[in-house]
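Here's a quick tour for anyone opening this model for the first time. Have a look at the sequence and the fold, then read on.

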Amino acid sequence: MKLVIVESPAKAKTIEKFLGPEYRVAASYGHIRDLPSSAKEVPSELRKKDWARLAVDTDGDFSPVYVVPSENKKHVTALKKLLKDADELLLATDEDREGEAISWHLLEVLKPTVPVRRITFHEITRSAIERALDHARDVDTQLVQAQEARRVLDRLFGYSLSPVLWKRVRTKLSAGRVQSAALRLVVEREEERLAFRSTAYWDVLATLAAEGEEFPARLVALDDRRVATSRDFDSTTGAFAGGDEVVILDEEWATQVAEQSSASVPWTVTDVERKSTRQRPQPPFTTSTLQQAASSKLRMSPRQAMRVAQFLYEGVDLGGGEREGLITYMRTDSTTLSNEALAEAATVIKGRWGAEYHDGPRRYKTKARSAQEAHEAIRPTHMNRTPEQVKRLLEPEQFALYDLIWRRSVASQMVDARIDRTTVELTAKASEGSYRYRASGSVLRFPGFLEALGRETEDVLLPDLAEGQSVGAPGDGVQLTSVAADGHETRPPARFTEASLVRKLEELGIGRPSTYTPTISTIQDREYVVKKGNALVPTYVGMAVMRLLRGHFPHYVELQFTAQLEETLDGIADGDVDSTAFLAGFYKGDGEEEGLVNRIKEELPRIDYPLIPVGIDPATGEPLHVRIGKSNVFVQRGDGEDADRVTLPRDLLIDELTPERVADLIELQKRGDAPLARDPETGLDVFVKIGPYGPYVQLGKAGKAGKAGEDGEKPKRVSLPRGLEPQDVTPELALKLVSLPRLIGIDPETKEPVNAGLGRYGPYVERNRTFRSIGAFERIFEIGLEEAIQLINAKKSRGKVALKEIGEHPESGAMIRAFEGRYGPYVTDGKVNATIPKTQDPLSVTVDQAVELLAGAAERKKKKRAGGRKPAKT
């Protein structure tokens, strides 16, 4: 028996289909060993070493200490058992550094006595597996050494700097080599936005008409001076950056120009420029560009896109017992396509659109600074396998991503789109001056690659104008319809989204395809960054961490330094750099480098508690700063023990924290120290306060750190309903809130109490932990027992009322309805649920479309069940 080891069970299941009965395919479930994740995992004989916490021998050759985590021991045991019956071991892990390292670790742990071969492939198809078996090799130790150096470097960086954060910011924080660079980008973008000052500027928009069709022309010059546009302002500060030849119009001036450009003055066509242009297709996807496109076109996060891509790569049941990967390896920074893929693409293009859409293979040069992971772009394993052919085999999100990859891959091999562009300049001659306007139009003459992308380009048509032609006078072919001033305002640089942050990291050469998604996940999991819509916004903790690192360890969070480390690690993979010397220089220093450990010893006594400046209090003139507490974040006015402090709500981010807002919070805090009412039942005072989760009412006084108060118990707290401000809470309303939950009555059938209350998701009714939302806040105090029981007993369809009753199923007669679910809109007939594609409006789904969606979902469900059954014993 020949034992083949891959990383995942799904990959194993697909590969086993291509191999004969003499092969057995098993999964390692990722890395089987790693550096210890906690002190208890460090081998006992090493715990007294000075470097035991790092698990890296910093006194010697910087060799790492590897352990098999407890959760992986069962996998190692299973692999060892299989290896006993094997006469050959084939290591078939992924072809990048991580995959090579997994293979090496398997060798180190399993210690096989049989022949070992390493096979790699960038797609899971029968032909690719057969080629890999014919071209087996040994494990690439240089690639393993590069991965090990990267792992050790990250351990030295994180385990050395993280304790600094624990001492000076907050416990349980972490500093990582790549995550710190990503955090710096997000923080500095927010700082740019805070420093940005919007500038208003104006121009004039004229509307002209010819043959019943209108077209716009915009003012571009006053006499010989160009009118300012957005490109004349600094994109990071908002300040004007144009020269003396540029004029900035204000509203009054623009309005005057509009009035002086009326139809009463002569307009003349002064220039006509016509030219043909070409639009080139983009290269096939890399990891980075796939994540960006999935974000912008499919609204998928990078993590979601990679999860779906992993599924498409590892294999899909094609029916009839056939199983195969649909796309090539999805962690790559290469834009190359194989000769076989180029030939298949040519056949598809010529057969589907015609020979004029293909003019020989197009080869793209990889733009990444150091492309080194997989050796081919992300593409379909078979270019002739169209999205339509696999649609019924895939869930909607899987189909959408495959469709995106297929179209991009095919389009990359098609000819350019040809577009005719026309630019016309018209001049209005007024007594006050000469005003020049510009109109632009375009016509798609040949779609080329745009056909594959399914893009509909809208032509912007201009009339056939000639230089010297007059405009606007009776009898002229072109008439002036209107002229109006048009205002604009400079906008701060856009926040990073997950996709644009990936693009920036790749552009700077920071990280690699396999690290982009984990990096972005880490800075969110650590709560250094939160998502506001799709935008990434730094939290106060994230800003404090970056202020400390940037202020005291600037060299180690410099973007260029981080990128240079990547190049050095690539040099280790190429055999040009000695990994031990590199790690020793980074950690301990050498003739050129100070060394991280020395820098920390030098800087630690100098590090003060990081403060985030907010501004100056408008009333008192005192400085305002944000401070990081043990569990909450608060803002402080002034210095010393007598300074005013107030806890910040978690959803109040830095862009909304103005000096005026701080003053309001402090005033509310002071007002909250005075009781608003006294509860007649308990005799305790009722307060309105501000906390990390927003404003709330509190019954009784709290002790230290919010613990037991005057009655010996932790005070009762009830959050204010959404939309209700603290200053609007009356004594009567405060007493109502602290009385919640309200007992509506006892269910006569179950004999259980039925309550109404206010929870995290708003007003509700509840019986024995079964909750139902009831809408408006006032309903808590109005709803009766009968109605509450009806709501609780009603069958819950994901907590939502149907968006639409689509119609009866033609076969079963069941009513098909559309609902809004946790993962998006879906249709159901009561037995099967099917996701509605993101490109389709749920309210527009017809009965026929719903039946097709349900049939596809039922078929996929049936195949999954069949695939999971064990064969019957004979």
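## The sheet

Four strands make up an open sheet, in the order E2-E1-E3-E4, with parallel pairing. Strands here are DSSP E runs of at least two residues, and helices are H or I runs of at least four, both numbered from the N terminus; two strands pair if DSSP finds at least two bridges between them. E2 (23–27) and E4 (116–118) sit at the edges with a single partner strand each, so one side of each has no neighbour in the sheet. On average, neighbouring strands are turned by 20 degrees against each other, direction ignored.

Zoom in on E1 (residues 2–6): this strand pairs with E2 in the parallel sense over five bridges. Valine 6 is found opposite alanine 27 of E2.

## A helix across the strands

Helix H3 (residues 97–110) lies across E1, E3 (88–91) and E4, and runs at about 170 degrees to E4. Angles go from 0 to 180 degrees between N-to-C directions, with axes fitted to C-alpha atoms, for helices over the stretch in contact. Contact means heavy atoms within 4.5 Å.

## Two helices packing

Helices H6 (residues 177–195) and H17 (residues 559–573) pack at about 150 degrees, their axes 10 Å apart. From H6, Arg177, Val178, Ala181, Arg184 and Leu185 meet Leu559, Thr562, Leu565, Glu566 and Leu569 of H17.

## About the model

This is a predicted model: local features need pLDDT of at least 70, side-chain atom pairs count only at pLDDT 80 or more, and totals for chains, interfaces and linings use all residues. Residues are numbered from 1 along each chain as its sequence is written, and side-chain values use heavy atoms, leaving out hydrogens and water.
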